[in-house]
Amino acid sequence: QAIRIVMFGKNSLDIVGWPRAKCNARKWGITSCTPGLLAWGWVALIFILSSDTSFTKDGVGARSRLPYAAMFTAYKQLWVTLLEEPRMILIRQKIDTHVWQSSTSNVAAS
């Protein structure tokens, strides 16, 4: 859900497919989840569920001391390394379906 909100806005949770309004997905030309976007989603979820309300310049949770920057780097590297593995392809396809809920051809429509 966090990735969909970042790509399409907070009201996108009630909309199936691509919202008509200008959104980050259209602005950035993104039509599927990239390793960086997937890693960001994981770290954002951990941050939301933690006791932290901020993190330091070094990317460490102010209260929990969780290493958010290091987690992002590790998760992104995991996705990059395993991106073409059959099980990771299936996982990415399921996430893409949930986030985008439409064909990528809709990015051109405005």
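Biologist: Which pattern does the protein chain follow, read along the sequence?

Modeller: A word on sources first: this is a predicted model, where local features need pLDDT of at least 70 and side-chain atom pairs count only at pLDDT 80 or more, while totals for chains, interfaces and linings use all residues. Residues are numbered from 1 along each chain as its sequence is written, and side-chain values use heavy atoms, with hydrogens and water left out. Helices (H or I, at least four residues) and strands (E, at least two) are DSSP runs, numbered from the N terminus. The protein chain has five helices and zero strands, and the pattern is α-α-α-α-α.

Biologist: What percentage of the residues count as buried?

Modeller: Buried means under 20% relative accessible area, exposed means over 50%, and partly exposed lies in between (1.4 Å probe, protein chains only). The protein chain has 110 residues, and the share of them that counts as buried is 31%.

Biologist: How far apart are the end C-alpha atoms of α3?

Modeller: The expected span of a helix is 1.5 Å times one less than its number of residues. For the 15 residues of α3 that gives 21 Å, so the model agrees with expectation: the end C-alpha atoms are apart by 21 Å.

Biologist: What covers the buried residues of α3?

Modeller: The buried residues in α3 are P35, G36, L37, L38, A39, G41, V43 and A44. Going by contact, which means heavy atoms within 4.5 Å, their cover includes α1 (2-8), α4 and α5 (86-100).

Biologist: Is L45 buried, partly exposed or exposed, and which residues make the nonpolar surface patch?

Modeller: L45 lies in helix α3, and its relative accessibility is 48%, so it counts as partly exposed. Patches are made of residues with over 30% relative accessible area and no salt bridge, joining like charges within 9 Å and nonpolar side chains (Val, Leu, Ile, Met, Phe, Trp, Tyr) within 5 Å. A salt bridge here is a side-chain nitrogen of Lys or Arg within 4 Å of a carboxyl oxygen of Asp or Glu. The nonpolar patch covers about 350 Å² and is made by L45, I48 and L49.

Biologist: Which side chain makes a polar contact with the side chain of S50?

Modeller: S50 lies in the loop between α3 and α4. A polar contact is a pair of N or O atoms within 3.5 Å; within protein, one must be able to donate a hydrogen and the other to accept it, and residues adjacent in sequence count only if both atoms are side-chain atoms. The S50 side chain reaches the backbone oxygen of F47 at 2.8 Å. Its side-chain partner, at 2.9 Å, is Y68.

Biologist: Which residues does S51 touch, not counting those up to four places away in sequence?

Modeller: S51 is also placed in the loop between α3 and α4, and it is partly exposed, with a relative accessible area of 36%. Its C-alpha atom is separated by 8.7 Å from that of G61, ten residues apart along the chain. Beyond four places in sequence, S51 touches R63 and S64.

Biologist: What is the phi of R65?

Modeller: R65 sits in the loop between α3 (35-49) and α4 (68-82). Although R65 is not a glycine, its phi is positive, at about 65°.

Key:
Accessible areas come from the Shrake-Rupley method with a 1.4 Å probe; for residues, only the protein chains shown count as cover.
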